[in-house]
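Here are my notes from going through this one, point by point. Have the viewer open while you read.

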Amino acid sequence: MIASPSTHPDLYWALRGSGNNFGIVTSFNLLTKPLPNDLLWGGTRSFTSDAFPTVVKTWIDLTFHSSQDPKAGSWIAFLNTGGLNIAAVELWYGAPNGREAAILAPWWNITAVADNTKTRGHAEYVVANEASIVYGLREIYYDISVQASYIIAQRSIDIFYAAITALDGVENAYPVLIWQHITAGSLKASTRNGGNAMSLDPEGGPLHVVQLACSWSNAADDDKVYKVMSDIMRTIKEESVALGVQSDWVYMNYASQFQDVIASYGPSKSKLQSIAKKYDPKGVYQTLQPGYFKLDRAPIVDARYFSH
């Protein structure tokens, strides 16, 4: 079966955000843009806590100003390493010599403690990022989204660092708070070819995905780590509501096993369930397929942990 804007368009719409609830995709066509000589610029620029206020402002300014040069992008991770609180800012530019791009110029006014940004091939960049991953540990992700806001960004950092001290006794605990852009341009592009199932609002302004990640060694510490991560996420969510910058959307790729992602899609949920009955009338992908995320629940329903 082919799903496209003109063939089975309801299924095509549902597949754009619904995960593995509708079938097995065996191939797809992806629109891409070539890189000049397969070269881009990027890497990590790291800062200590004294620079955090300026780093946060500069990073969020990049979200708001992204239309000036869509080739630029970034995500930012807050962590503690060797007893130091660090902001690791991943910067990239879809062309060589991003160091000279005007939109990224403010970053060179902030003193960094490490910087490996450079021009390189796309494959080389991917391999370099993969090399930093440690395998074989237990891990949890969690995420929500918020409207782009300087205040909620700074408060989330304070909440995160105050809470992770509870993990000091957990072997190899490595908690990280990560922020990613969903720019106004990205939101507008999401409406192409019939839109998607995630109920994203292009008129609502840019969003940030607020992600938690934590790895650790022992299964005996699972509940403790889950609770700390859940409490951080719940508190950031409550702060976003109090500030009026909340967003209901949960990004599926970084959601935890306790999060009801499809419920975060609002009115799309009932439409997805209706389309599922049409293409999967026996509910195979709701009952026999064990992976995340289902149309009517979190993968693991546990009231102790934040859901969405």
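1. Which elements each supply at least two residues of the lining of the largest cavity? They are α2 (52-64), β2 (72-81) and α4 (150-163). Helices and strands here are DSSP runs numbered from the N terminus (helices H or I, at least four residues; strands E, at least two).

2. Before going on, the ground rules. This is a predicted model, so to speak: local features need pLDDT of at least 70, side-chain atom pairs count only at pLDDT 80 or more, and totals for chains, interfaces and linings use all residues. Residues are numbered from 1 along each chain as its sequence is written, and side-chain values use heavy atoms, with hydrogens and water left out.3. Back to that cavity. On a 1 Å grid over the protein atoms alone, a cavity is a set of points where a 1.4 Å probe fits but cannot get out, and lining residues have an atom within 4 Å of a point. Points are joined across faces, edges and corners, and a volume is the space filled by probe spheres set on the points.

3. Who lines the largest cavity? The residues are V56, W59, I60, I76, F78, A153, I157 and W179. Helix α2 gives the most, with three residues. By class the lining has eight nonpolar, no polar and no charged residues. Nonpolar covers Ala, Val, Leu, Ile, Met, Phe, Trp, Tyr, Cys and Pro; charged covers Asp, Glu, Lys and Arg; the others, Gly among them, are polar.

4. The second largest pocket is worth a look too, with a volume of about 1100 Å³. Of the 32 residues that line this pocket, W75, N129, S132, I133 and Y174 are the closest to its centre. A pocket, unlike a cavity, is an open set with protein on both sides within 12 Å along at least five of seven lines. Elements that each supply at least two residues to this lining include β1 (39-48), β3 (84-93), α3 (122-130) and β6 (138-147). The class count for the second largest pocket is 17 nonpolar, 10 polar and five charged.

5. Next, H181, in strand β7 (residues 174-182). Its relative accessible area is 15%, so H181 is buried (buried is under 20%, exposed over 50%, partly exposed in between, with a 1.4 Å probe and protein chains only). The H181 side chain makes polar contacts with the side chains of W59, at 3.4 Å, and T63, at 2.4 Å. A polar contact is a pair of N or O atoms within 3.5 Å; within protein, one must be able to donate a hydrogen and the other to accept it, and residues adjacent in sequence count only if both atoms are side-chain atoms. Leaving out residues up to four places away in sequence, H181 touches W59, L62, T63, S74, L207 and H208 (contact means heavy atoms within 4.5 Å).

6. How many aromatic pairs does the structure hold? There are 15. Rings of Phe, Tyr and Trp (its six-membered ring) pair if their centres lie within 6.5 Å; planes under 30 degrees apart are stacked, over 60 edge-to-face, and the rest tilted. Take W216 and Y226: the ring centres are 6.0 Å apart and the planes sit at 85°, so the pair is edge-to-face. This pair links distant parts of the chain, with W216 in strand β8 (residues 207-216) and Y226 in helix α6 (residues 222-243), 10 residues apart. W216 is buried at 0% relative accessibility, and Y226 is buried at 12%. Elsewhere, ring pairs link F52, F78, F160 and Y161 into a cluster.

7. S247 lies in strand β9 (residues 246-247) and is buried, with a relative accessible area of 12%. The S247 side chain reaches the backbone nitrogen of W249 at 3.4 Å. Residues up to four places away in sequence aside, S247 touches S145, V146, L207 and K237. L207 is also on the contact list of H181.

8. Last, two backbone angles to check. H8 has a positive phi of about 50° although it is not a glycine; H8 lies in the segment before α1 (9-15) and is partly exposed at 32% relative accessibility. D38, another residue other than glycine, has a positive phi near 60°. D38 is in the loop between α1 and β1 and is partly exposed at 42%.
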